[in-house]
Amino acid sequence: MLRGIRLLSAPILLSAATAAAFASPSLSRCLPLRCLFQLRNPLRAQGGTRSHPKAMAFQLPKPEDTDHPLQTGPKAAGLRWSPNAAAGPISVILGSKSATRNLLLSCLGVEYKVVTPDIDEKAIRFDSPEKLVLALAHAKADALLQRDEVKEEVGKGATLLLVTCDQVVVHEGKILEKPESREEAERFIKGYGRAPCSTVGGIVVTNLATGSRSEALDRASIHFREIPDQVAQGLIDAGDVFYCAGGLMVEAPEIQPYLVKIEGSMDSVMGLG
């Protein structure tokens, strides 16, 4: 069952089930993206369930595909945003320039605008990945509350929700953020064939009319075969790995033959699970 944030009235309220889920020591199956909003459709896209072809034969069929045949978690395809009419008009600001987070909100049918925060992420440090991503997501929200383009949206008559996020990759007990050099990116990517890595994502939703906030965590684990040097170098040459936590590019076609399993959901890996 979905657990998360429901817009029952203008403030963001948590159901009892959600509160229990967030309080649970197990963070592996909180579903913040699917539960930021009341969603009309169940976890199944029109046209039935996809089969699970061999990894060697698989490529993501479309850029807008937010699921993966090798994921063990619920599917995001077919989910749509359906906020409670009693809450009145709702506007969303996404505090992220991430292409995948923009894609995921668009696929949900959410109308939103993007305002990107400007914070020194390296100034915020925690040994716990869960504490780190939530602290960064809160810091991004705090920074955006000072921005004129956000202040201008408050008071226009709609409930205004600010969504801020952060994600890290955890591998062999270490927190990996965006690689800062080719050497670091190569070390990250090659290491994933040695042991599974996990994405840990934090999402904070701030109701700008009331100041109330809700937060959620999500985790997914990704298992790879050994990744050849030429594949790692190709990903690094393309450059996108430098914008991803841990240089992790699960959606890249080149990596599909070496992907074994995603414990969790693809939208979690993409940064807004």
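Student: How many disulfides does a search of the whole structure find?

Tutor: This is a predicted model: local features need pLDDT of at least 70, side-chain atom pairs count only at pLDDT 80 or more, and totals for chains, interfaces and linings use all residues. Residues are numbered from 1 along each chain as its sequence is written, and side-chain values use heavy atoms, without hydrogens and water. A disulfide needs a pair of cysteine sulfur atoms within 2.5 Å. The number found in the whole structure is zero.

Student: Is Cys-165 buried or exposed?

Tutor: Buried means under 20% relative accessible area, exposed over 50%, and partly exposed in between (1.4 Å probe, protein chains only). Cys-165 has 1% relative accessibility, so this residue counts as buried.

Student: What share of the protein do buried residues make up?

Tutor: The protein has 273 residues. Buried residues make up 50%.

Student: Which residue in S8 is the bridge partner of Thr-199?

Tutor: Helices (H or I, at least four residues) and strands (E, at least two) are DSSP runs numbered from the N terminus; two strands pair if DSSP finds at least two bridges between them. Strand S7 (residues 197-207) pairs with strand S8 (residues 213-224) in the antiparallel sense, over ten bridges. The two form a hairpin with five residues between them, and Gly-211 in the turn has a positive phi of about 85°. Within this pairing, Thr-199 has as its partner in S8 Ala-220.

Student: Which residue in S9 is the bridge partner of Phe-224?

Tutor: S8 also runs antiparallel to strand S9 (residues 259-263), joined by four bridges. There, the partner of Phe-224 is Leu-259.

Student: How many Å apart in space are Asp-218 and Gly-202?

Tutor: Asp-218 sits in strand S8. Its relative accessible area is 4%, so Asp-218 is buried. In sequence, Asp-218 and Gly-202 are 16 residues apart; in space, C-alpha to C-alpha, the distance is 6.6 Å.

Student: Which helix do the buried residues of H7 pack against?

Tutor: Helix H7 (residues 229-238) has Val-231, Ala-232, Leu-235 and Ile-236 as its buried residues. They cover an arc of only 135° around the axis, taken from the directions from the helix axis to the C-beta atoms, so they lie on the same side of H7. The face turned away from that side carries the exposed residues Gln-230, Asp-237 and Ala-238. The buried residues pack against helix H6 (182-191).

Student: What is the phi of Glu-172?

Tutor: Most residues other than glycine have a negative phi. Glu-172 lies in the loop between S5 and strand S6 (174-176). With a relative accessible area of 46%, Glu-172 is partly exposed. Although not a glycine, Glu-172 has a positive phi of about 50°.

Student: Which element gives the most to the lining of the largest pocket?

Tutor: On a 1 Å grid over the protein atoms alone, a pocket is an open set of points where a 1.4 Å probe fits, with protein on both sides within 12 Å along at least five of seven lines; lining residues have an atom within 4 Å of a point. The largest pocket has a volume of about 1,000 Å³, the space filled by probe spheres set on points joined across faces, edges and corners. Of its 34 lining residues, Ser-98, Arg-101, Lys-178, Tyr-243 and Cys-244 are the closest to its centre. Helix H3 (99-107) and strand S5 (159-171) are the elements that give two or more residues, and the one that gives the most, with five residues, is S5.

Notes:
Contact means heavy atoms within 4.5 Å.
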